[in-house]
Amino acid sequence: MTRPTPDDSSVLLVHAYLDGELDPANALGITQQMDTVPALAAEAGARGDAPFGAVLVDAAGVVVARASNRQVSGDDPTAHSEIELLRVAATLGHRVPLEGYTLVVNAEPCSMCASAIVKAAPSMLVYGAPHEPHMDPDLGVAEVFARARRPPRVIAGILAAESAAQIASFRKGSRVID
């Protein structure tokens, strides 16, 4: 069977369901949670940070933590949205392992964030836009997760075009490289 392209979010969700990776009740929830992430990314962009946002969703489909990129505004090169999210979640009592949780982010995590995600151990990672080639090291989640003992399930390409456009728009007018 030919796999769908990441541009067709609804087909990806259907395939995730058919492959047993996604409970049918959660398919709509993932799309709805992904809809909240661009606003977080926009908040980061308005601060001068690259526009990345993330939410952590519990097994009941409730968003329990939100975060956005703060590398520039926080003077912290590790303050990517995923790392910030894990920090916020921990302060709210959502500690590792995050079994049963889903991490939702507008773009494919970098290798640093992918490693942190493995350590946090959520059940699933959902992201939109694909890995940006300027990242250093140039490793996507597939390469990092291939070496992990317990990688999360991954659903990629949800709202990918919209997420990529938001990031590209920011990059066009900014010198910020994360």
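Me: What's the relative accessible area of Arg-87?
Reply: Arg-87 comes out at 37%, so it counts as partly exposed. For the cut-offs, buried is under 20% relative accessible area, exposed is over 50%, and partly exposed is in between, using a 1.4 Å probe and protein chains only. Keep in mind that this is a predicted model, where local features need pLDDT of at least 70 and side-chain atom pairs count only at pLDDT 80 or more, while totals for chains, interfaces and linings use all residues. Residues are numbered from 1 along each chain as its sequence is written, and side-chain values use heavy atoms, with hydrogens and water left out.

Me: OK, which residue has its closest O atom 3.5 Å from an N of Arg-87?
Reply: That's Asp-76, and the two form a salt bridge. The term means a side-chain nitrogen of Lys or Arg within 4 Å of a carboxyl oxygen of Asp or Glu.

Me: Where do Arg-87 and Asp-76 lie?
Reply: Arg-87 is in helix 3 (residues 81-91), and Asp-76 is in the loop between strand 2 (63-68) and helix 3, so the pair ties together parts that are eleven residues apart in sequence. Helices here are DSSP runs of H or I with at least four residues, strands are runs of E with at least two, and both are numbered from the N terminus. Asp-76 is partly exposed, at 22%.

Me: And how far apart are the closest N and O atoms of Arg-87 and Glu-84?
Reply: 2.6 Å, which is another salt bridge. These two sit three residues apart in helix 3, so about one helical turn separates them. Glu-84 is buried, with a relative accessible area of 15%. Shared partners join Asp-76, Glu-84 and Arg-87 into one network of salt bridges.

Me: How many salt bridges does the count come to?
Reply: Four. One of them pairs the side chains of Arg-47 and Asp-49, at 3.1 Å from N to O. Arg-47 is partly exposed at 29%, whereas Asp-49 is buried at 0%.

Me: Back to helix 3. Which of its residues are buried?
Reply: Ser-81, Glu-82, Ile-83, Glu-84, Leu-85, Leu-86 and Ala-89. The buried residues of helix 3 pack against strand 1, strand 2, strand 3 and helix 4.

Me: At what angle do helix 3 and helix 4 cross?
Reply: Roughly 30°, with the axes coming within 9 Å. The axes are lines fitted to C-alpha atoms, for helices over the stretch in contact, and angles run from 0 to 180 degrees between N-to-C directions. The two helices are therefore roughly parallel; under 35 degrees counts as that, over 145 as roughly antiparallel, 65 to 115 as roughly perpendicular and the rest as oblique.

Me: Which residues make the contact?
Reply: Glu-82, Ile-83 and Leu-86 from helix 3, and Met-112, Cys-113, Ala-116, Ile-117 and Ala-120 from helix 4. Contact means heavy atoms within 4.5 Å.

Me: New topic: how many residues are in the largest nonpolar core?
Reply: It has 25, and those with the most contacts inside are Leu-56, Leu-85, Leu-103, Leu-125 and Phe-145. A nonpolar core is a set of buried Ala, Val, Leu, Ile, Met, Phe, Trp, Tyr and Cys residues joined through side-chain atoms within 4.5 Å. Helix 4 gives the largest share, five residues.

Me: What lies apart from that core?
Reply: Another core, of 13 residues, including Ile-30, Val-37, Val-55 and Val-57.
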